[in-house]
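The sequence and the model are shown first, and the description follows.

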Amino acid sequence: MALVCGTSNDMDHRIYGPSNGFQYPTRGEQAESKSRLLAKIHAVYCKALERLTAANARARPHHVAAAARVLHGGALSSRVQSRAASSSAAAELVEDLERRSLTGLVTFLTRLFPYLADCEAASYLLAADADALVAARIVVRDRRMARFGSSDLAVREALEMALKCAAMAAGHPDPHRLVGAWLAVSGRLDAAVALLAKVRRRCPASFSNLGKLLLLADGRRRYSNSNLWRPWQLAASRRPHPRLRVQPHQSISTTPLKRVLLDAIHGYYLSALARLPGGELRRRLHRSLLVAGHCYGPLADPVANVVANAVWYDAAFPPRAHELELDMVSTLSLHRIGTRSMYGLVSFLCTRYHRLDFRHAVRLLVESDANLLLADPNLDAMTAAVLRKEKRRRRFHSPWSVAGTSSSSSRNALGLGVPPATGVEDAFKAAAIAAKHPHPEAQAKLLASCKKLLGPSLSLLQSGGQLTSADVRRLARLLCPESPPSSDEQPLPAFPLKEYLRVHTRIVDKVVKALHACAPTYELHVVCGVNENVSGPVYCLGGSSFAPHKCYRCHVNFLATPKEGAAADRAPVLFFAELSNDDDDDGGASGTLPLCCPVSAPPPCAERVRCLFCDYVGIRIVHPIETTFHGRQMEFEKMVRGEDPFDEDFNPALMQLYYTNTDIIRHSRLIADGIYSLKEDCLYAESRDDDDEEEEEGDQGVVYGSDYDVYE
């Protein structure tokens, strides 16, 4: 990441922003890594074939090929077995099998973990001696995923899908049967290990044991994936000792770790939207939350910091030009405030502790759940001690847990063992500058004193419950005593440019209809995430020259409140919906109900359900587990096979794939690193001059598209 210069008069400030470069190894380094990995895979095959051929000196070549199919997941078809009659042909087949095995291993990791580049996957496999599960455990550790396995069902589902994609990428003749075989072996792992142990040199019963293993690993039957955690746990004993192995994964880019942090921050914003009262959120607080509701601050909970920053900004700098009531917060603006908050958090820590760099600060924030009180031991030592004690008490344990993902023993090594170089207010000013706050000095002064301003009312923010309108007014008076009472404010005119809200209105209408059809006991709180680029792009004959392609569907997250029940039981619930982009589709009245169901946002540093289309765009939509939606499985499988998900006439010899793992990582950076101006900023501009100023700021970086003009 870039250390931004010239943005502050204080030389003690360390202000970070996005950079344009990738931090991946050079092509030469990648080629060397691939060559070394192939050598490790070759050594594995040599050992396996040596055991098979030496076990019975009279074994025929086709017996060897059949046995290799057992030991290596059935990668040789019956057609290949017949060609193994000559030693030269067998050598060529094994060499081809090794190359395809490498492709399958890399695909397994890149399908299991989002935003993992192929070259990074190869580095992890090299560090794991070409052991896929060992490599996966190292990825979990390096990404500091302390709550990996928070949803056992999601992990098992992801592992099964990754296995199938790996088999397809490796060119296996029957991927579905191979996955079934692995599930069967996982369910009877002790018996399988015992049989394999009997396959050894000079043992006449070896091929009899291989035959028994074939029966045990019968992939034609459907097996449960409930026992996949057994191989995962056994992989811990096979992990190479770090002192005995070169660990190329230590030079991996910061992109995956940064994405884990951004996912955690996005979860906090979903919680903040749920805590705010619906009326105030739709009328006013959506503006202050998207413009200045950063998640950094001195409070014990990032959600409380978001709420405090948003309520204070609305009171201190209320809208002056017009009133804008919205049922939907801008998706790109919500992602942008999360990204700005991340750079603010990093800049705060690096300003306080000059030995920290971007990578180490991000790692520290991931381990601290993006909570400054846990990351900075000198910010509020007493509260931090209470939080750490509570975190230890509620420490997450599951069969998927990996040691070393949440250790805080490296704080001194990361530069936090010395007194801070700057004061709290200066560090918050650096954070505000990095996070593009409209009034950085004012925010820094607030955050340095907000605990004192709130007094006993601090419990309102840190209780975790939903706030009422009266609570919001009380917080506003305490945080900004000089602001005029709301009763003295003059009503503002309505937003004049209604054409900017056309797509917003269309999405909200579809969500309301879907909610009425699928969950009629709920009412809309706010729409908080939209990806209109699902199931496409598809070229349309007769389409406009400006947008000749279209996407058929959209994925939406929204919060809805139960219509009945006590106020304490009416907390907003997060929903997922898959809707049609067709204006003629009325969301269920035609007889076909849309997909609409409650979902749970994953906790920080946990696994998440993947979607090809949302990953590609970079929009963080929470998807359901064990529910079929477009982008969940079939589209990934087509991608790894080199096919286009929607173009049946796709010719790889003449056309370039639209979706690849590399393109997903590159394209998603537009949102993951987006901190500059957006087109929908005009909704919040106080005057035309303010709008022009925002556009000039955006010219320094990247001006991204908006929710309002994609595929129209």
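At 28% relative accessibility, Asp-96 counts as partly exposed, a class that lies between buried (under 20% relative accessible area) and exposed (over 50%), with a 1.4 Å probe and protein chains only. Arg-99 is also partly exposed, at 41%. The side chains of Asp-96 and Arg-99 form a salt bridge with an N to O distance of 3.8 Å; the term denotes a side-chain nitrogen of Lys or Arg within 4 Å of a carboxyl oxygen of Asp or Glu. Both residues belong to helix H4 (residues 87-112), where they are three residues apart, about one turn of the helix.

## Basis of the description

The model is predicted: local features need pLDDT of at least 70 and side-chain atom pairs count only at pLDDT 80 or more, whereas totals for chains, interfaces and linings use all residues. Residues are numbered from 1 along each chain as its sequence is written, and side-chain values use heavy atoms, with hydrogens and water left out.

## The chain as a whole

The protein chain contains 28 helices and eight strands; these are DSSP runs numbered from the N terminus, with at least four residues (H or I) for a helix and at least two (E) for a strand. Of its 712 residues, 54% are buried. The accessible surface is about 31800 Å², and carbon and sulfur atoms account for 52% of that area, as computed by the Shrake-Rupley method with a 1.4 Å probe, where for residues only the protein chains shown count as cover.

In one of them, Glu-157 and Arg-632 meet at 2.8 Å, N to O. This pair links distant parts of the chain, with Glu-157 in helix H7 (residues 152-169) and Arg-632 in the loop between helix H25 (612-617) and helix H26 (634-640), 475 residues apart. Glu-157 is buried at 10% relative accessibility, and Arg-632 is buried at 11%.

Another salt bridge joins Glu-441 to Lys-429, whose closest N and O atoms are 3.4 Å apart. Glu-441 lies in helix H21 (residues 440-454) and Lys-429 in helix H20 (residues 424-434), twelve residues apart. Glu-441 is partly exposed at 48%, and Lys-429 is partly exposed at 24%. Elsewhere, Asp-263, Arg-608, Arg-610, Asp-615 and Arg-620 are linked in a network of salt bridges.

## The four-stranded sheet

Four strands form an open sheet in the order S3-S6-S7-S8, with antiparallel pairing; two strands pair if DSSP finds at least two bridges between them. Strand S3 (522-534) and strand S8 (595-598) each have a single partner strand, so one side of each is left without a neighbour in the sheet. Neighbouring strands are turned by 20° against each other on average, direction ignored, the axes being lines fitted to C-alpha atoms.

S3 and S6 are joined by nine antiparallel bridges, and Leu-524 has Ala-560 in S6 as its bridge partner. Eight bridges connect strand S6 (residues 553-562) with strand S7 (residues 573-580). Here His-555 is paired with Glu-578 in S7, and Asn-557 stands opposite Phe-576. Nine of the ten residues of S6 are buried, so this strand is largely enclosed by the rest of the structure.

Ala-519 is found in the loop between helix H24 (502-518) and S3. Ala-519 is buried, with a relative accessible area of 10%. Leaving out residues up to four places away in sequence, Ala-519 touches Ala-514 and Phe-575. Its C-alpha atom is separated by 8.0 Å from that of Cys-597, 78 residues away along the chain.

## Nonpolar cores

In soluble globular proteins, nonpolar side chains tend to be buried together. A nonpolar core is a set of buried Ala, Val, Leu, Ile, Met, Phe, Trp, Tyr and Cys residues joined through side-chain atoms within 4.5 Å. The largest core has 120 residues, of which Leu-289, Tyr-296 and Leu-372 touch the most other members. Helix H12 (residues 255-275) supplies the largest share, eleven residues.

Beyond its neighbours within four places in sequence, Tyr-296 is in contact with residues including Asn-305, Leu-372, Phe-428 and Leu-447. A second, separate core of 42 residues includes Val-139, Val-179, Leu-183 and Trp-400.

Definitions and conventions
Axes are lines fitted to C-alpha atoms, for helices over the stretch in contact, and angles run from 0 to 180 degrees between N-to-C directions. Contact means heavy atoms within 4.5 Å.
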